[in-house]
Amino acid sequence: MHQTFSPDEVAESLTPGGGVRRRADEIKEYRCKNLVAVLECPSDIRNLGTVIRNVNALGVEKAYVVDPRKALPEDWDDMRERKSLSKTSVSAVKWSFVKRFDSTQACIDHLERNRFVSVVTSPHKKGAKNVVLHEADYTVFTKLAVWFGNEKSGISDLAVAHAEMCLSIPMFGIVESLNLGTSSGIVLYEVTKQRRDYQRRYKRSGKRRPRSGA
Ligand SMILES: C[S@@+](CC[C@H](N)C(=O)[O-])C[C@H]1O[C@@H](n2cnc3c(N)ncnc32)[C@H](O)[C@@H]1O
């Protein structure tokens with residue numbers, strides 16, 4: 001059974017000579033390899049921190065940030081030292097790899113070169129294929145990038161045009177959308193749950209069922 005740590009235990013484990021290595025070993029098999037969360041032009045540092053925290057907590061491998069304003073340092077090592085990011089992500093930026101891109105096109109090029117399939121998220125119907133979050137199978141793509149849009153303008157047409165499908169969390173209220181941090185938590189929970197289950201069933205048994213994008 002996967003053990004849960006209290007904040008005090010986590011803090012204790014971060015002390016020099018403590019159990020960060022042990023913790024990293026314990027969670028290794030629960031982490032989702034080849035899964036990237038992409039944030040397209042986030043404008044609020046608190047949302048960015050929350051998404052990085054979700055990425056780390058849910059076992060997503062990496063976060064990519066489309067950052068045309070050049071608000072972030074080029075290097076992950078420098079991001080890890082950035083107080084605003086460390087604070088808003090409760091230090092998750094120290095443990096989860098974050099890469100920035102100058103533009104949506106640069107990020108798409110990088111993902112496609114590395115044979116990632118993209119899916120976008122939106123409260124609205126976008127592009128040719130629209131799916132309700134819990135009705136899609138996220139294990140059919142070996143390498144998957146899940147895109148989240150800007151707080152005001154949402155996901156761009158360019159990202160939609162390069163995506164396999166658009167996912168939406170069903171909404172039953174009056175408001176038009178969920179907050180970026182909240183929606184990333186809900187979407188990544190579903191995606192990582194499915195991919196972890198796939199890894200457990202097929203990888204640990206040494207068997208693999210075929211999936212696309214390999
Ligand atoms: C505050 S919303 C953007 C609202 C924007 N007016 C729009 O039209 O998309 C920020 C991001 O959160 C995600 N999001 C928010 N609500 C969502 C929902 N119900 N389903 C899927 N993603 C959602 C999307 O990635 C969206 O681009």
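Biologist: Contact here has two residues with C-beta atoms, placed from the backbone, within 7 Å. Which strands does helix α3 lie across?

Modeller: Helix α3 (residues 45-58) lies across β1 (32-40), β2, β3 and β6 (144-148). Helices (H or I, at least four residues) and strands (E, at least two) are DSSP runs, numbered from the N terminus. This is a predicted model: local features need pLDDT of at least 70, side-chain atom pairs 80 or more, while totals for chains, interfaces and linings use all residues. Numbering starts from 1 along each chain as its sequence is written.

Biologist: At what angle does α3 run to β2?

Modeller: About 160 degrees. Axes are lines fitted to C-alpha atoms (for helices, over the stretch in contact), with angles from 0 to 180 degrees between N-to-C directions.

Biologist: And the sheet? What's the strand order?

Modeller: β3-β2-β1-β6-β4-β7-β5. The sheet is open, has 7 strands and pairs in parallel. Pairing takes at least two DSSP bridges.

Biologist: Which strands sit at the edges?

Modeller: β3 (97-101) and β5 (130-132), each pairing on one side only. Neighbouring strands are turned by 25 degrees against each other on average, direction ignored.

Biologist: How many bridges join β2 and β3?

Modeller: 5, with β2 covering residues 60-66. Val65 stands opposite Arg100 in β3.

Biologist: Switching to the ligand. What surrounds it?

Modeller: 18 residues (C-beta, placed from the backbone, within 6 Å). The closest are Thr121, Pro123, Gly149, Gly154 and Ser183. β7 (163-168) and α9 (180-203) each supply at least two residues of that shell.
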